[in-house]
Amino acid sequence: MKKEQVVNCQFSVWYPIFKQHTIKSLILPLPQNVIDYLLDDGTLVVSGSDHNAQQTYTNNSDSDDEEDIQAPEFPEFTSKVLEAINALGGRVFPKLNWSAPRDANWIALNSSLQCDSLTDIFLLFKSSDFITHDLTKPFLLCSDQDSPDPLVNYELVLRKWSELIPGGEFRCFVKENKLIAISQRDYTQHYQHVLKQEEQILHAIQAFFSQHIQYNFLDEDFVLDVYRDSQGRVWLIDVNPFGEVTDSLLFSWEELATGGELAQQQEGPAFRCTTSEVTVQPSPCLSYRIPRDFVDLSTGEDAYKLIDFLKLKSQQEEEEENPPQ
């Protein structure tokens, strides 16, 4: 995977090429002060989720006293974002040049990446390691590390919110402009219809690829995320680099990189899905979620943990009031 291939997979590069075959989206340049804010080592605390939500910002410094300050404001950028959200129907799916904050949906009030304000977007972005990777080291796993990093103009991508059924999402691996493998996107669940409709799914994706994608992208090695709707129509969702920075899902990058073995196994692309509840695998995003003890305390689901926490807090207060002589 070369740095140029990563650059070519930026949303603003591929979207104009395949605009007719994907979800309506708007792209806004990301101001430097917003980038600095997203990378600042602090915790965004949001009260409310409407357009006038009050934001406070906790500065994580070495000082013993944590100082709550008003979060910085970006009136011009905020206005552009709200205008774009309204133009897309009032609800959007946000991402940067490459990644969406899928690892941070646990922190949203609706446990979803659906946003209707800049406050929602900031909350997700500042909580996402995927977004931080985009902003700090997008070329980390490239083979040509000796070459200078290309200049990246960061952009906020707002996509019209669409209710996509996870069982309709598939990841397609393309090598030398040939579709070599297709994997169920959400391999953490068993979808009976996927196994039953394997032949129809394969036919639909292959036809979509050959008619609209093949030889039209800037590289010959890349990865597609597609969605097959209830009518059998296929839509392009995303384009990713062909390399370890992209999750290989039910394949390994070793077998995808060689490609030949997969091609020899059958005439068309190899297709893999979760075939039963037994083969279901845990979501890779689980490691990014909030600790379970935190959840139990906040919801009151574990009374004993809450009692222990209150006892500890009471003990600390007593020690502060009556320090040892």
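**Salt bridges, packing and surface of the predicted chain**

E76 is exposed, with a relative accessible area of 58%, where exposed stands for over 50%, buried for under 20% and partly exposed for values in between, computed with a 1.4 Å probe and the protein chains only. The structure is a predicted model, in which local features need pLDDT of at least 70 and side-chain atom pairs count only at pLDDT 80 or more, whereas totals for chains, interfaces and linings use all residues. Residues are numbered from 1 along each chain as its sequence is written, and side-chain values use heavy atoms, with hydrogens and water left out.

The chain contains twelve helices and eleven strands, taken as DSSP runs numbered from the N terminus (helices H or I with at least four residues, strands E with at least two). Of its 325 residues, 44% count as buried. Among contacts (heavy atoms within 4.5 Å) with a separation of 6 or more, 68% come from residues 24 or more positions apart.

Six salt bridges are found in the whole structure, each defined as a side-chain nitrogen of Lys or Arg within 4 Å of a carboxyl oxygen of Asp or Glu. In one of them, K80 pairs with E76, and the closest N and O atoms are 3.7 Å apart. These two residues lie four positions apart in helix α4 (residues 75-87), so that about one helical turn separates K80 from E76; K80 is partly exposed, at 44% relative accessibility.

The salt bridge between K95 and D238 has an N to O distance of 3.0 Å. K95 belongs to strand β5 (residues 92-95) and D238 to strand β10 (residues 234-241), so this pair ties together parts that are 143 residues apart in sequence. Both partners are buried, K95 with a relative accessible area of 2% and D238 with 11%.

A further salt bridge joins R185 to D225, the closest N and O atoms being 3.6 Å apart. This pair links distant parts of the chain, with R185 in the loop between β8 and α7 and D225 in strand β9 (residues 222-228), 40 residues apart. D225 is buried, at 7% relative accessibility, and salt bridges with shared partners join R171, R185 and D225 into one network. Leaving aside neighbours within four places in sequence, R185 is in contact with R102, E169, F170, R171, D225 and L249.

L179, in strand β8 (residues 178-184), counts as buried at 13% relative accessibility. Beyond four places in sequence, the contacts of L179 include F173, I205, F209 and P269.

Helices α3 (residues 32-39) and α5 (residues 118-126) pack at an angle of about 50°, with their axes 9 Å apart; the axes are lines fitted to C-alpha atoms over the stretch in contact, and angles run from 0 to 180 degrees between N-to-C directions. That angle makes α3 oblique to α5, since angles under 35 degrees count as roughly parallel, over 145 as roughly antiparallel, 65 to 115 as roughly perpendicular and the rest as oblique.

On the surface, L140, L141 and V245 form a nonpolar patch with about 250 Å² of accessible area together. Patches consist of residues with over 30% relative accessible area and no salt bridge, like charges being joined within 9 Å and nonpolar side chains (Val, Leu, Ile, Met, Phe, Trp, Tyr) within 5 Å. L140 lies in the loop between α6 (129-136) and β6 (155-160) and is partly exposed, at 48%.

Note on methods:
Accessible areas come from the Shrake-Rupley method with a 1.4 Å probe; for residues, only the protein chains shown count as cover.
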